Amino acid sequence: MRRVPASIMVLSIIGIVFAALGFLGSCFAGVMLFTSFIHDPNYDALRDDPLYFYASAVGLGIGLVLMILLLAASIGSLQLRPWARKTMLVYAVLAVVQIVLSTAFHLIYTMPRMTTTLTGPAARAGYIGGMIGAVFGLLFNLGWLGCVFFFYTRPRARDAFNGVFPADPTAFPLDEFTMSETPT
C-alpha cells in the first residue's frame, strides 16, 4: 500500500506553508526595497547604500527561486515523486548557504551601518533586537533544514520515494498450520 511516511507528510506541509509565506514576504520586501513606500530618513539612508541595495536585490531573487523550489519539492513529496526527494535535499543545501550568507551580511554589514544612521535609545534597542532576531532566525532555519536532511535521508523515506513500502501488518498470509488444529 502506497502511504506517505508521516515525517515526509509533515515536512511537506510545513514546506508548502513556508514557501507561501516566504513568497509573500519576498514580495513585500521587494516593494519596500524598490519603492519609497516608507519615508523614513534612516531607512532611506540604508536603502541608498549601493552594496545594501544590490545585495538585498540579489538575495530577494535567490529567495524567490528557493521558494519556488521548496513549493515544487513539497508538493512532489506528498505524491512521493522520486525527483521530489532529491529536489528537497538540493533546496536544503542551497537554503543553508543562502541563510548563512544573508545572516552574516546582516550581522557584519547591515547592523553596524544601522547604528551609524540611527541615534538614541531606539537605535540601541533596534540593534539588540535585530541581533537577537538574526540569531534566532538562523537557529530556527537551520533546525528546520536539519529536519529535512534527517528525515529525507532515512531508509524508510528513501524506500517510499522509490516505491518500496513495508508490508501491511494485517495482510499476512495464512498457512495450513495456522488453519488446522494443533497436533497432539
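Guide: Buried means under 20% relative accessible area, exposed means over 50%, and partly exposed is in between, using a 1.4 Å probe and protein chains only. The model is predicted: local features need pLDDT of at least 70 and side-chain atom pairs count only at pLDDT 80 or more, while totals for chains, interfaces and linings use all residues. Residues are numbered from 1 along each chain as its sequence is written, and side-chain values use heavy atoms, with hydrogens and water left out.

Visitor: What relative accessibility does M114 have?

Guide: M114 sits in helix α4, and this helix covers residues 82-117. M114 counts as partly exposed because its relative accessibility is 25%.

Visitor: How many helices does the chain have?

Guide: Helices are DSSP runs of H or I with at least four residues, strands are runs of E with at least two, and both are numbered from the N terminus. Along the sequence the pattern is α-α-α-α-α-α-α. There are 0 strands, and the number of helices is 7.

Visitor: What is the angle between α1 and α3?

Guide: Axes are lines fitted to C-alpha atoms, for helices over the stretch in contact, and angles between N-to-C directions run from 0 to 180 degrees. Helix α1 takes in residues 6-34 and helix α3 residues 50-78; their axes are 8 Å apart and the packing angle is about 155°.

Visitor: How are α1 and α3 oriented to each other, roughly parallel or roughly antiparallel?

Guide: Angles under 35 degrees count as roughly parallel, over 145 as roughly antiparallel, 65 to 115 as roughly perpendicular, and the rest as oblique. With an angle of about 155°, α1 and α3 are therefore roughly antiparallel.

Visitor: Which hand does the crossing of α1 and α3 have, and how do the contact residues divide?

Guide: A crossing is left-handed if the near helix is turned anticlockwise from the far one by less than a right angle, and right-handed if clockwise. The crossing of α1 and α3 is left-handed. Ala, Val, Leu, Ile, Met, Phe, Trp, Tyr, Cys and Pro count as nonpolar, Asp, Glu, Lys and Arg as charged, and the others, Gly among them, as polar. The contact of α1 with α3 divides into 19 nonpolar, 8 polar and no charged residues.

Visitor: What distance separates the end C-alpha atoms of α1?

Guide: The expected span of a helix is 1.5 Å times one less than its number of residues. The 29 residues of α1 should therefore span 42 Å, and this agrees with the separation of its end C-alpha atoms, 41 Å.

Visitor: Which side chain makes a polar contact with that of S77?

Guide: S77 is in helix α3 and counts as buried because its relative accessibility is 0%. A polar contact is a pair of N or O atoms within 3.5 Å; within protein, one must be able to donate a hydrogen and the other to accept it, and residues adjacent in sequence count only if both atoms are side-chain atoms. At 2.9 Å, the partner of the S77 side chain is that of Y152.

Visitor: What phi does L80 take?

Guide: L80 is in the loop between α3 and α4, just after α3. L80 is buried because its relative accessible area is 3%. Although L80 is not a glycine, its phi is positive, about 55°.
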